[in-house]
Amino acid sequence: MGSASAPTPGSVSAKDLVAEHVAACQHRPPSDVLGRLGKVVSKLLGEGLSPDHIRAGMDRMRTKGLSAGLLPSLVDEAMNAPRAAAAPHRAWTNPAPADVEAAYGGQL
């Protein structure tokens, strides 16, 4: 059911994660915003979510300028984003070789 894991006791607290967020901001967010963020982060940690997933969600929140109330959705997005598939090979988009005769031996 996913790869969320409970943090080990004493590892990372909500206060630590909020402090990391504040350090990454250009200007310190208002206290009310930080209080709300702390509550949301604490709840996510209590659910056993990985601090790395929470950090990724907080990065998205900061980049997009969104509110702390959206953090659970952003963490979910970070945890469950579809993996980028390799682009399919399309021969018709490849440039022709400089010497077509040598490359294909006259078999065109």
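Predicted model: local features only at pLDDT ≥ 70, side-chain atom pairs only at ≥ 80, totals over all residues.
Residues are numbered from 1 along each chain as its sequence is written, and side-chain values use heavy atoms, with hydrogens and water left out.

**The chain as a whole**

- The protein chain holds 5 helices and 0 strands (DSSP runs numbered from the N terminus, with helices being H or I of at least four residues and strands E of at least two).
- Read from the N terminus, the order of elements is α-α-α-α-α.
- Of the 108 residues in the protein chain, 24% are buried.
- Among contacts between residues at least 6 apart in sequence, 56% join residues at least 24 apart (contact means heavy atoms within 4.5 Å).

**Helix α1 and H21**

- Helix α1 spans residues 14–24, and its buried residues include A14, L17, V18 and H21.
- These residues lie on the same side of α1, because they cover an arc of only 100 degrees around the axis (the arc is that of the directions from the helix axis to the C-beta atoms).
- An α-helix has 3.6 residues a turn, so residues three or four places apart point the same way.
- Helices α2 and α3 are among what covers the buried residues of α1.
- Where is H21 found? H21 sits in helix α1, and its relative accessible area of 6% makes H21 buried.
- Apart from neighbours within four places in sequence, H21 touches P29, L34, L37, M58, M61 and R62.

**Helices α2 and α4**

- The axes of α2 and helix α4 (residues 71–80) come within 10 Å and cross at roughly 45 degrees (axes are lines fitted to C-alpha atoms, for helices over the stretch in contact, and angles run from 0 to 180 degrees between N-to-C directions).
- From α2, L37, V40, V41 and L44 meet L71, P72 and V75 of α4.
- By class, this contact of α2 with α4 has 7 nonpolar, no polar and no charged residues (Ala, Val, Leu, Ile, Met, Phe, Trp, Tyr, Cys and Pro are nonpolar, Asp, Glu, Lys and Arg charged, and the others, Gly among them, polar).
- In α4, L71, L74 and V75 are buried. An arc of only 100 degrees around the axis takes them in, which puts them on the same side of α4.
- The cover over the buried residues of α4 includes α2 and α3.

- R60 belongs to helix α3, residues 51–64, and counts as partly exposed at 27% relative accessibility.
- Leaving aside neighbours within four places in sequence, R60 is in contact with L74, E77 and A78.
- The C-alpha atoms of R60 and A78 are 8.2 Å apart, although the two residues are 18 apart in sequence.
- The side chains of R60 and E77 make a polar contact at 2.5 Å (a pair of N or O atoms within 3.5 Å; within protein, one must be able to donate a hydrogen and the other to accept it, and residues adjacent in sequence count only if both atoms are side-chain atoms).
- S50 lies in the loop between α2 (31–46) and α3, and is buried with a relative accessible area of 11%.
- The S50 side chain reaches the backbone nitrogen of D52 at 3.1 Å.

Terms used:
Buried < 20%, exposed > 50% of the residue type's maximum accessible area, 1.4 Å probe, protein only.
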